[in-house]
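Follow along with the structure open beside you.

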Amino acid sequence: MMVDNNKIVQDRIDKKFKSIIKIFIISVVLLVNYASAQESKFLLNEKEVELPVLHNHKFIVNNHTRSPFIKTYFNNALGYGQALDLQVPIHDIEGEPIYGLRGNLYFTMLSFEYQYAVNKWLAVWIGFDLTSRMGDGIQTLLAQGINATTDLELGWMFKLMKTNRTILSGTINLWNNSGTIINIYDFIQRIIDERGLSPDNRLITTRNFIQLGGGLRFAWAASDLIGVNLLTEFAYGEVIDRREKNELFYNLAGSIDIDLNSLVQVPIGFSIGLQMNSFIAGSDTSVKNKIGFIFFKTAYTAENDFLIGVDLIWRRIPMNQLDQTLYGGSAVLNVDYYF
């Protein structure tokens, strides 16, 4: 009997021990699952620092319409372009122009922009642009010269309105520009017109000039697939030519983007739009009035905090000296990183 009682007690102890072991194992499993869930939740919260999204639509951000979202990011762009069939006039004995020489213009650009989200409704940014233009031969260098401009932009962006599908932000912009122009055509033309060399007639022009303004940025998620972006910017300030008075400049742009990843699980997005920009005329004496752009961007959208794409740009350039309108194209590699 004693043995049987001991065996019964031992069996009970074994059962309790096994039950405790089972409870311990279940508790560990639940704890691990809970910890994993908390870690995933934390990582998910970290992923809230992502590309601009409204109502499940991921916007394909471009440098033309820019972004109204209060986020921290870094942008880098590198581009190259050309305008073909520049006609350089040669005058006959009676002074009539003969378009006997032709050439091309080449453009290069490099830009950096850093934006910091101070809080949910305010962001500040600083941008740096370097652009240059030159011809491919003696005739185009004589007619259009060489232009190089560096632009430093400081900005403040305020969120004015946000709904499930729309966001509207206002900006205050300050541009501090520096330009250098070698303009052989204007230099010689003024010598002929003024019958001599005047003190303010310079072959090489270098000047720092400032412009102050602001604008509005708008984004609308029409659906999970389609988004719309609009931009208006205005500024008043100096131009690179010291002889000219201060002017009013504007930059208007609109685009429609498509995120294929929301429809067919393909991490590719597109953006197509129009832009009218008169700022460039203030930093390049060879450009007359505004320049028109049509742009098309293709981007890789698989990552939540990283966007890389290529912009194909067609531009209409009214030339000042030669009274012509050039048409050209360019390609720009764009990288955006949100953090």
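**Entry one: charges over rings.** I began with Arg-217, which lies over the face of Trp-125, at 4.8 Å from the ring centre. I then found the charged end of Arg-315 over the ring of Phe-107, 5.4 Å from its centre. A charge sits over a ring if NZ of Lys or CZ of Arg is within 6 Å of the ring centre and within 35 degrees of the ring normal.

A note to myself on sources: this is a predicted model, where local features need pLDDT of at least 70, side-chain atom pairs count only at pLDDT 80 or more, and totals for chains, interfaces and linings use all residues. Residues are numbered from 1 along each chain as its sequence is written, and side-chain values use heavy atoms, with hydrogens and water left out.

**Entry two: ring pairs.** I looked up the aromatic pairs and got 11. Rings of Phe, Tyr and Trp (its six-membered ring) pair if their centres lie within 6.5 Å; planes under 30 degrees apart count as stacked, over 60 as edge-to-face and the rest as tilted.

Why is the pair of Phe-270 and Phe-296 stacked? The ring centres of Phe-270 and Phe-296 are 5.8 Å apart and the planes are at 20 degrees, so the pair is stacked. It links distant parts of the chain, with Phe-270 in strand β11 (residues 268–277) and Phe-296 in strand β12 (residues 291–300), 26 residues apart. Strands (E, at least two residues) and helices (H or I, at least four) are DSSP runs, numbered from the N terminus.

Phe-270 has 27% relative accessibility, so I noted it as partly exposed (buried is under 20% relative accessible area, exposed over 50%, partly exposed in between, with a 1.4 Å probe and protein chains only). Phe-296, at 34%, counts as partly exposed.

Next came Trp-314 and Tyr-327, with ring centres 5.5 Å apart and planes at 20 degrees, so this pair is stacked. Trp-314 is in strand β13 (residues 306–318) and Tyr-327 in strand β14 (residues 325–338), 13 residues apart. I noted Trp-314 as partly exposed at 38%, and Tyr-327 as partly exposed at 43%.

Which residues do ring pairs link into a cluster? I found Tyr-114, Tyr-337 and Phe-339.
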